[in-house]
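Trainee: I'd like to learn how to read a structure like this one, feature by feature. Can we go through it together?

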Amino acid sequence: MDALIAGVDVGGTFTDIVLFDAQRGELIVGKVPSTPANQSQGVLHGLQSVLPALDRLGKLVHGTTVATNTMLQKSGAVVALVTSAGFRDVLEIGRTRRMLPSLYDTTFQRPAPLVARPLRLEVAERLGADGIVLTPLDETGLAGVADAIREAHAESIAVCFLHSYVDATHELRAKAFLRRALPGVWITTSAEVVPEFREYERFSTTVINAYLLPVMDRYMAALSTQLAAHGYRGNVYTMSSGGGIMDLDTARSIPVRTILSGPAGGVTGAIWISRVAGLADVITCDMGGTSTDVCLIENLTPAFVNEAAFAGYPIKGREVAINTVGAGGGSVAYVEGGNTLHVGPRSAGAEPGPACYGRGGTEPTVTDANVVLGRLGTRLLGRWIRPDRELAIRAVGALADKLGVASIEAMAEGIVRIAVAQMANAIREISIERGYDPSDFVLLAFGGAGPMHATQIADEIAMHEILIPILPGNLSALGLLASDQSYERVRTFVARLSTLDPEPLAAALDEHERLGRDQLSQRGFEPHAMRFRHALDMRYARQAFELTVDLPGSVRSRAELRKNFLDAYARHYGRADPEGEIEIVNLRTTSVGVTDKPAFPPVRGAVQRLAHAVTAERTLVVDGTVLMAAVYERERLPIDVIFEGPAIIEEDGATTVVLPGWRARRDATGNLRLSAIR
Amino acid sequence: MSDLIPAANAQAGIAVQPAVTIDPITVELVQARLSSIVREMRTIIIRTAYSRMIIEGHDFSSAVLSPTGDLVAASELEQPTHISALSWSARALIEKYRGDIGPGDLFLHNDPYTGGSHLNDVGLFYPVFHPDEPLAIVGVMAHWQDIGGMVPGSLSGSATDIYQEGIRIPSLRIARRGVWLTEVLDLLFANVREPQDRRGDLSAMEGACRIAERRLHAMAGRFGVATIRTALTALLDRAEQRMRDAIRDVPDGEYAYETYLDNSGESPAPLRLKLKLTVTGDEIHADFAGSAPQVLGPANLGPAPATTATFTMTKALLDPAGPINAGALRPLKVNAPLGTVVNARPPAACGAIGEVRRALEALVVGTLGKAIPERLVGDLKGASNITTLSGRHPGQTRDFLFAEFPAGGTGATAQADGNNTMRNFAEGDISSIQPIEAAELGCPLRVERMLLRQDSGGAGRQRGGLGLQREIRVLTPEAQLSVLSDKNIIPPYGVRTGGAGGRNRFTVRRDGKEIEPSPLPGKVTGFPLRADDVVIERTAGGGGYGDALEREPEAVARDVRFGYVAPETARSMYGVVLSGDNVNAAATAALRARLRAAKILLRLAKLDGDEYRGSNRVVEIGPSAAQQLRLADGDLIEFACPHGPSLLAWVRIDTQLAGDSCRVGASGLAILGLAPGDVAELRPIRAHNA
């Protein structure tokens, strides 16, 4: 393993750095302001803040918001779409959906397609669903298309033909032609990005990729150059939406896979922590300033989805199933429509921030409510802000008056409760609604505000165990260090199970595996460090929704496939019809290159007696009752000494609240373990 | 019957305890929990039902109702059509089974005449008790693919009474105290097609209700039954208050408007829908008197949809963010006269709710919008556009079924152009067209083109959205086409002098020639297709907002560059002259001045005698105006209206009438907001092939 590896997580406001020194077994943490105009600067500054000379750095993994920001700000490349004659409007018409909450909204405007109509260019060619060429590719027509693209100064091209998932020849020929005609222009074909049927979703994904390509390519080039100039000679890895890391070239060619880079880092961090703690089934709750991400992890594997929408645009591809709700520490509590209390999604953001920051904010936020209730003290938040209790009381009090709530404390408890209810609902959606009982899982709470609300969320949905990881504010960066490389492969393979010939299926999966093996060995992985996970998208013949069914080991026979599908179906939906006709739709393979994980840092600073870890006592309001709670310094907590709530555990960047009814201890690895007393 | 919304505390079969006091935070928490329960019900149904209309079309709704049958919690994903049907149906069962409703009972209902929508929409109701006290009623209404009747899928444009549309289920107990009444179900399923699949649909709905029950019990354990009941009341009261506040901002007065359905499907005569809204303080009274008498075809409704349309559109215009519950309905009083298409007597057929309810919605928007013109919206495609291609795979015994219901353009608003081909604000957000690659994988069909229809968006200062055109080649000799649509003759209206949107149109191209698959456009039943026929779907564009001659010339130039508007239309409708891609400002100003001067304005006079000929509003014009406008007796025209939607009328030529004047009945003048002596712009609406 490399002597020094760094994880850099670029967030909206701050860039987090975690450096692991394998020789000393040490984790070093840094935080610098992000530089949105050119993220690479922030990355470099951050690295330099923990490691002046980069020549000693062996490996760099980063979580980037370049793709996310480009999509949100609509600042991607000018893209031309080259598509089958007759179908240039597929991208605009889509599936005729609004894709964003808008029922009853007469003024709703659907986000404009990423390629305007004049740049959606058609070329004569057509395949049938069986791959037979109905119309050969018209290269003469392509010449005209190339001229139009040149004239419009498009920087990037998406080539999207119907049924290219069956046979990509036309797309590849068009790409080769355009590459010759238009040197220097980025070109993406739909079968390279996501060779799956359903044209709109595939075209959309491909166009987003084309839209991001030049931006990501320039960013990665700038980052590599700057890192090299400072002596770094290793590869730069990027976290993908799928929860694995990709090498530089892959991230540069399929940037659409990095849209969930940041949140996926949090999930990988959670998996690493869980493994160390000996847990297999956890639900993550990453609560930040404006939103909360939750994800269900079963047997150390996160839930995945194969299609999602981002800002109203569909994206196909396997990604970690993260459910986001617009409630975080900075969420504003306000009255709307005369009598309805809302908490979020409006957020006070970094500026002005919660009222208690004293930067001009007057509306009460979840953070202000926590200050009023005594959960959050007046210790520095981050390095810059000391909460002002008076300002918090004023803001919450004003809202209490407006709503006629009897006391400021009751109002504050109400604000927190509503925020917690939203998070609990988000967890219900990914667990109960998917057939899982949350009480079988451990709640892994992190992010700046997660530890503060963990016991309350757990109470709300009857979870009994909580883990607050080390460095809860930096878990995403930490996750980057512990990630394996992974590469996805998918192809459409439609077959009825009753008439399936297992031979071609096995051959197709073997082919996936062979390609994956090549890909991994090119990246320096030995066979023993390679893992291949196969899965099939399957459905009942009359349904339009597929279920992704894992395919362990050598399962290939019809009877086994049927059983696996029925089991998965029953688990998800409560029951399955054993008589129903079953169809296979897609084959998926994830090729994983297993990397060495950093050793967990040794626990430092523990004192012998619990009392010595107490820094203060503070009044805490719980269910309208005022309680006295000890305030502990997390770093000083003795190992495996159990104490009961009410208690508060403070550290840099996070505060853990242990409500009555819970007991807590710091375990041998430094994680906090909370258990319900029931 | 001339029915008003029943009060919240209407007599009910389940007794309700008096309320305890409650704080706004608990109300919010109960609301959040109920929303979560409804969402969970949705997830279960989508994943486990069998009908494509449910799993792909999402044509179903789930809800939590109060023990008295008032809708308390729905999500923003529910079908607006079902909103009040759920409440009406629940109240119908309470009425019928009063005193004999207990834990473990299940009830079915689909009868339009006691509050359902059409027979395919089957409601399942499950009263929840905790432990023996009534807590709530959980309800699901879902569109079953088939409910029996004379055609597969049950909906037919040629149905002439409800018995042809399937099996009618009055409020019907199907389980008593946890025991299924299997004989009842055997009777039901013996009368529908694919009974195994329908059993699957029922089982999905039941599964969702059972889960909701479990969640409600958990809630009751946590909050207590009394608190939940009080919270339910508070949620309704709160929604009512919001709606009343919003109505108070609307100027008091009487507002009237009328719209038309193309026809009944059975006869070619247009059907008039008429509405008078009276706004008084914080209440609105909607009176549909003057709407067409019920018809022999399926374009009839039971009592619930008029209320739903009034509620849905009032909410959309006044308080789109407000909660969806029965409280928000309370300030609305609705009169739907019995014996008309909006409240028919049995046994009229009721299958075409998708068409009639959309026409009703357009009517409510147009009428209420007269009070608040800045919030008006151009009209929409106004039909379900259900298009079915079915038949047999060539050379095989295997059948195929291809169904979709393509969306159209949405209406323009004061702020923005309409959206191109998109499910509109009153429709659930679902896919309305099949993926091309999926269709070609599963059916002997090939989609040859799909594009936005140039010039289909109604012209205006803000332009209506464009509809689509989709061409599907049939690759089998054994196939047939059915279509249920409207606005194939009557176009979507423009508002505040904005132009009408392009109309829906469904044709077949055979041997290079486009042919009409039915005598009445848009009402196609089982048209036999041949191999290599191409079915062409064209969907309507949205209505325009404001004067097209005031549209930003740069926006017109962009529309031409994008191909949304033809260069010729840019000149003739928008008065914009382009030099290459750029606006020629001087020439544009000159052309616009010329077009303004050339508008045909007629002086209005009051028409004495009958305002209507049958359903059709009459406008009398003189021979010279008729010649100038190229109009013949019986042609359709619209009056552009500066403060409201355009008004439709049919021409009667009066040889005695002077060239610059026309006669319209008193209620027409009132709709236009004009008096005799005022002038109005009159525009012909040409038939498709003109």
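Mentor: Here is a walk from whole chains down to one residue.

Mentor: Some ground rules: residues are numbered from 1 along each chain as its sequence is written, and chains are lettered from A and ligands numbered from 1 in the order in which they are written. The model is predicted, so local features need pLDDT of at least 70 and side-chain atom pairs count only at pLDDT 80 or more, while totals for chains, interfaces and linings use all residues.

Trainee: How many helices and strands are there in chain B?

Mentor: Elements here are DSSP runs numbered from the N terminus: helices are H or I with at least four residues, strands are E with at least two. On that basis chain B has 14 helices and 29 strands. Its radius of gyration is 26 Å, close to the 26 Å that the globule rule gives for 690 residues, so chain B is as compact as a globular protein of that length. (The radius is taken over C-alpha atoms, and the rule is 2.2 Å times the number of residues to the power 0.38.)

Trainee: And what share of chain B is buried?

Mentor: Count C-beta atoms, placed from the backbone, within 10 Å of a residue's own: 20 or more others is buried, 12 or fewer is exposed, and in between is partly exposed. In chain B, 61% of the 690 residues are buried. For chain A, 54% of the 678 residues count as buried.

Trainee: What about contacts along the sequence?

Mentor: Two residues are in contact if their C-beta atoms, placed from the backbone, lie within 7 Å. Take contacts in chain B between residues at least 6 apart in sequence: 75% of them join residues at least 24 apart. In chain A that share is 67%.

Trainee: How many residues of chain B are in contact with chain A?

Mentor: 57 residues of chain B touch 55 residues of chain A. On the chain B side, α1(B) gives the most, with ten residues. That side divides into 26 nonpolar, 14 polar and 17 charged residues. (Nonpolar means Ala, Val, Leu, Ile, Met, Phe, Trp, Tyr, Cys and Pro; charged means Asp, Glu, Lys and Arg; the others, Gly among them, are polar.)

Trainee: So is α1(B) enclosed or open?

Mentor: Largely enclosed by the rest of the structure, because 18 of its 25 residues are buried.

Trainee: How do I read a sheet?

Mentor: Start with pairing: two strands pair if DSSP finds at least two bridges between them. In chain B, an open sheet of seven strands runs β2-β1-β5-β4-β3-β6-β7, with antiparallel pairing. At the edges are β2 (71-73) and β7 (179-180) of chain B, each with a single partner strand, so one side of each has no neighbour in the sheet. Further in, β3 (residues 106-109) of chain B pairs with β4(B) in the antiparallel sense over three bridges, and B:F107 stands opposite B:F125 in β4(B).

Trainee: Now for one residue: where is B:F129 found?

Mentor: B:F129 belongs to strand β4 (residues 121-129) of chain B. With 21 other C-beta atoms within 10 Å, B:F129 is buried. Leaving aside neighbours within four places in sequence, B:F129 is in contact with B:P103, B:P134 and B:L135. B:A220 is 91 residues from B:F129 in sequence, yet their C-alpha atoms are 9.9 Å apart.
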